[in-house]
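Dear colleague,

I am handing over the structure below, and I would be grateful if you could look through it with the notes that come after it.

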Amino acid sequence: MNKKLLGLALMSSIILGGAGLLSADEADAHGYVEKPAARGYQGSLDKNTIGWGPALEKYGMVITNPQSLEAPKGFPQAGPADGRIASANGGLGQISDFVLDNTGYNRWTKQEIKTGMNSFSWHYTAPHSTSKWHYYITKNGWNPEKPLARQDLQLIGEVKHDGSPASNNKTHQVNIPADHSGYHVVLAVWDVADTPNAFYNVIDVNIKGGGEITPPVEVAPATPTNVKTADVTTSSLKLTWDKVENAKEYNVYRDGKKVATVGGTQFNDANLAEKTTYSYQVEAVGTNGKISEKSAAVKATTQSSATEDNQKPTAPTSVHSMGTTETSVDLMWSKSTHFLGVKNYEVYRDGKKVATTEKTSFKDTGLKANTTYKYTVKAISVGGNVSESSAVFTVKTKEKEAETGKTTWDSNKVYTEGNKVIFNDLEYQAKWWNKGDRPDKSDAWKLLSDKVMGWESNKAYSGGDKVTYNGKTYKAKWWTQGDRPDNSSVWVVA
Ligand SMILES: [Cu+2]
């Protein structure tokens, strides 16, 4: 039997749901580990080389959306179930996505890394406010053939964040233990601060160890410089400084007391008293655990709430949808800043105000299916000053299942079993998952219209398909390609 056919037949049996679920540009997800490539991201790269069908079969729907592997926060106590860690409990929520949890020594593409400090870089599609990232690796002696479970993993790194957007901390230094070598799985977890969820990415690595480790640095990192305050309001401010080489994280001191440890070069301090002067210092913690001198103290005085509000807040950024259905769009955006504080936000749909909210999210409901909407968000300061509009966020609601029944075939669209299309005035039905396969040329489609087409030598046919050849009508007994109907036992005269 034809191998491709076998694969695709299997495909059709594991893909559930209609064509509406398969849009490649969903904006309701937030990021993935880009370097070294996470398993799902590797799948999205593979689809360009091995093709959509095989990539989908191997990795599941994540190939369309490597940023979608989201599950509840709180790993390892909470989070995805054992055996469902790689798929984050099934990612986009389809049965087929559990294929990402498959195991096996030779199953996945391995990324070459070395023991010692390695950089892990994230690609954020929506830079949510973040509380931390944490990294795990499989313990020595784990069984690569068994489902990945918590007990197989050990913590190897934690990067704390202050609740500001993830975008100011894309690359993390994580230590791969010197006693590890060969195939291991790294689990990277991104804890979002303003939703109950986290993003879970596994990275299949092949660790080259032994002798390739650079000797550990013995000296303490340099003292952080260029410490500055910005965005000072009545109750908050932002502290920034320059990156220090070989620093793993930074301790932040307010009036001599440690108030935070962060992985990035920024700290947002909140809950301050108004009209009060605070003094800040930052020290670097080296990857070797050694601590730098404290930086020179930097002072800032919070605003008085009696100050006249004479400025606009910054415009909201990163407007995106956390989930789009036939009738709703779940909007989210990044906080605006204002020197006295932001009071609330206004949400506009196609230029009309549809909501005012104190939160940085709004679910718009009662929408029409398969319709494009344009959203903008504005921030309002405590004194009533209105920001500029955010960039326009364009989103299309999902198609109604019933409406996907009969449409003209589109070479860029993904079809699943049962989808019907019109091509050259004839109606076809998809037999399995396919994309870019012309209905009159591919055996992925069954002709529904009551018309028998001429036999073509390069087209594949399935059992039951009818063709005409030299004036006669033939019917295929089983799958065939290139077998001339008058000259092969695969065909019988109908
Ligand atoms: Cu979001």
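The notes that follow cover the domains, some salt bridges and one histidine.

Please keep in mind that this is a predicted model, in which local features need pLDDT of at least 70 and side-chain atom pairs count only at pLDDT 80 or more, while totals for chains, interfaces and linings use all residues. Residues are numbered from 1 along each chain as its sequence is written, and side-chain values use heavy atoms, with hydrogens and water left out.

The domain assignment, whose bounds come from an automatic or database source, divides the protein into domain 1 (24-208), domain 2 (228-301), domain 3 (317-396) and domain 4 (402-493). Taken over C-alpha atoms, the centres of domain 3 and domain 4 are 47 Å apart.

There are 14 salt bridges in the structure, a salt bridge being a side-chain nitrogen of Lys or Arg within 4 Å of a carboxyl oxygen of Asp or Glu. One of them joins Lys132 to Glu158, with 3.2 Å between the closest N and O atoms; Lys132 belongs to strand 5 (residues 130-138) and Glu158 to strand 6 (residues 153-160), 26 residues apart. Strands here are DSSP runs (E, at least two residues), numbered from the N terminus. Lys132 is partly exposed at 24% relative accessibility, and Glu158 is partly exposed at 33%, where buried means under 20% relative accessible area, exposed over 50% and partly exposed in between (1.4 Å probe, protein chains only).

Asp269 and Arg254 also meet in a salt bridge, at 2.8 Å from N to O; Asp269 lies in strand 14 (residues 266-269) and Arg254 in strand 12 (residues 247-254), so the pair ties together parts that are 15 residues apart in sequence. Asp269 is buried at 5%, whereas Arg254 is partly exposed at 23%. A further salt bridge, at 2.7 Å from N to O, is that of Arg349 with Asp364, in which Arg349 is partly exposed at 24% and Asp364 is buried at 3%.

Finally, His338, which lies in the loop between strand 18 (329-334) and strand 19, is buried, with a relative accessible area of 5%. Leaving aside neighbours within four places in sequence, His338 is in contact (heavy atoms within 4.5 Å) with Thr233, Asp309, Gln311, Lys312, Pro313 and Ser381. The C-alpha atoms of His338 and Ser387, 49 residues apart along the chain, are separated by 9.4 Å. The side chain of His338 also reaches the backbone nitrogen of Leu340 at 2.9 Å.

With kind regards

Technical notes. Helix = DSSP H or I, 4+ residues; strand = E, 2+ residues; numbered from the N terminus. Polar contact = N/O pair within 3.5 Å; in protein donor to acceptor, adjacent residues only side chain to side chain.
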